[in-house]
Structure formats: C-alpha cells, structure tokens
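My entries follow in the order I made them.

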Amino acid sequence: MIPLDLDHLRQWIGREETRAERLTAAIAARFNATFDRPEAPSEGEPAPSLIHLCLAPDTAPTSTLGPDGHPARGGFLPPVPLPRRMWAGGHFRFHENIRIGDTVTRHSVVRDVTVKQGRSGPLCLVTVEHRIDSGGALAITERQDIIYRGAGPAAPPSGAPSSATAEAAPQGRYRQAVDAGPALLFRYSALTFNGHRIHYDAPYARAEEGYPGLVVHGPLQATLLLQFAEALRGKRPAQIGFRGLSPLFDTAGFTLHAQDEANTLRLWTAAEGGPVAMEARAEW
C-alpha cells in the first residue's frame, strides 16, 4: 500500500469547484418514479428534497474510471491512495426551495483532510462543504464527509461498533419498511451518474470488495430518512444531519425508524435484527 502523505493531501484544502445543471421536470419525474412518489412535477414548483444530489455529477469518461467504477483520483478531491471510498455522512441546512426549471449551482470547497487508524487499517476523512444555489438564490448549505479505507472486508467507521458485535437496532415509535432491491439501487445510481460498482454489480461487490450483496447508497438512505421525516411532521426540517455506522445490503429489506425527541426527530435505518446502519437527527 502506498503510504499516506498527509502533508501532500492537505494541499487540497481550500480547493474549489463549481458545477451547474438545470433541474427539468423530466429529471424530477425520474426522481419521483425511483422513490414511488405519485407527484407529477411541473415547472416552478418546489423540487423534492435532496434532488440536488442527482444534479451536475462528475462526468468523467468511461475509459478513465478505475476498477471500482469511480473516477480516477486527483482533480478536485485529493488523490488519496486507498482503494475504497464511502459516503460517511453529512449535514444539510435548508434556506429556500429548489424549484423545478431553475438552474441549480453547486459551489464546493475542500475544508479538511485528516488521517486516523481504524479497525482495518488507516482511514482518510475528507470534508467538503457545498453551497447550493437555485435560480441564483441560496437554497442549501451542505457538509459532506467522505471516508477512504484500504481493501478487504467492509468495516464500519472508526468509533462505530462492528456489525458482528453490535446490538440489534431499537424499534422506533414510527417505522416504514423499504424493499431495497437491485432495481432501486440501479435507478439511484443512474440518477446520480454513480459508476461505483458495489451498488449494481453483485459479483464484483462479493468477489472484489467482500460484501454479501449490493450496498445501499448512503445518500439514498439519507433521502429516504428525510422523506420519512417530512411525512411524519408535515414539512421539511430546517436542518438534518446524518452519520453512517454500518452498511446495508440488498440481501434483505430494511426499515426506517423514527423517535420524537423534544423539538427534534431522531431517525435511523436498520435491517431486520441488524445494527443501526445510518442515524440522523432532524430539527424544525
């Protein structure tokens, strides 16, 4: 394994990138179909929450993708020499609606690069901040946490219990079952132009990365949890934060859980009998 040169990687702190795409009614319709939402989107209407994650993706040519389906390292994100990359969590603060028909602009800045020792070896955490504008007005401020780790069987982020030793997740007061089959995972990969093979190529996920099946995307879980929170409270929260604790797979369905806590709603995902996979806290 190539040693992690933290001083070199930290030279990417402060690097900026701006991307933009018009949010059409057709994109919104594909998003709603993926999540079984009955709404027929129209120009000028507020867009579904977190649809911005499906806009202005990296459009690296197919020939430049790595063996795992990710674009080559370097460029905007630092060239971390660890083969596995995961969306570990983040935070969203909502300011205004994104509206269908608007040009949505994402201005991104690398804020921090750190290295620590995890159960399976060194981990590199890259923190990115995004400013999302819709029609020229600030709509969302977002923090995204990306973890890089070495090859081998999946392990949870450092500080999280392993799935082998963790207790089964508690039952929330509110629950909603999700059938996370290959069609849903493939559609979300297509929406986000995400070539990472662990989400749609089961033989690769099993043989090369040691997973028991396809991996449910972190942003997909986040979107489902936010939709669940909106349905329970009748409106979008002012802010919501997420943290990934253990992976979910397409080998079994999973459940969205929620529990009232004062002015907040605590949410989490878990497979039947499994540990908490992603936790979230929404505030209104």
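I took strands as DSSP runs of E of at least two residues and helices as runs of H or I of at least four, numbered from the N terminus. The model is a predicted one: local features need pLDDT of at least 70, side-chain atom pairs count only at pLDDT 80 or more, and totals for chains, interfaces and linings use all residues. Residues are numbered from 1 along each chain as its sequence is written, and side-chain values use heavy atoms, with hydrogens and water left out.

Entry 2, pairing. Two strands pair if DSSP finds at least two bridges between them. Strand 9 (residues 264–271) pairs with strand 10 in the antiparallel sense over seven bridges, and Ala270 stands opposite Val276 there. Strand 10 (residues 276–283) also pairs with strand 7 (residues 239–244), antiparallel over six bridges. In that pairing I found Phe242 opposite Ala280.

I used nonpolar cores, sets of buried Ala, Val, Leu, Ile, Met, Phe, Trp, Tyr and Cys residues joined through side-chain atoms within 4.5 Å; buried means under 20% relative accessible area with a 1.4 Å probe, protein chains only. The largest has 48 residues, and Leu23, Phe92, Ile240, Phe242 and Leu267 have the most contacts inside it. Helix 5 gives the most to this core, seven residues. A second, separate core of 12 residues includes Leu9 and Phe76.

Which residues is Leu267 in contact with, leaving aside neighbours within four places in sequence? Counting heavy atoms within 4.5 Å as contact, I listed Leu225, Phe228, Ala229, Ile240, His257, Ala258, Met278, Glu279, Ala280 and Ala282.

I took a pocket as an open set of points on a 1 Å grid over the protein atoms alone, with protein on both sides within 12 Å along at least five of seven lines; lining residues have an atom within 4 Å of a point. The second largest pocket has a volume of about 350 Å³, volume being the space filled by probe spheres set on the points. Its lining has 17 residues, with Phe35, Asp36, Gln176, Val178 and Leu224 nearest the centre. Helix 5 (218–233) is among the elements that supply at least two lining residues, and its five are the largest share.

Key: On a 1 Å grid over the protein atoms alone, a cavity is a set of points where a 1.4 Å probe fits but cannot get out, and a pocket is an open set with protein on both sides within 12 Å along at least five of seven lines; lining residues have an atom within 4 Å of a point. Buried means under 20% relative accessible area, exposed over 50%, partly exposed in between (1.4 Å probe, protein chains only).
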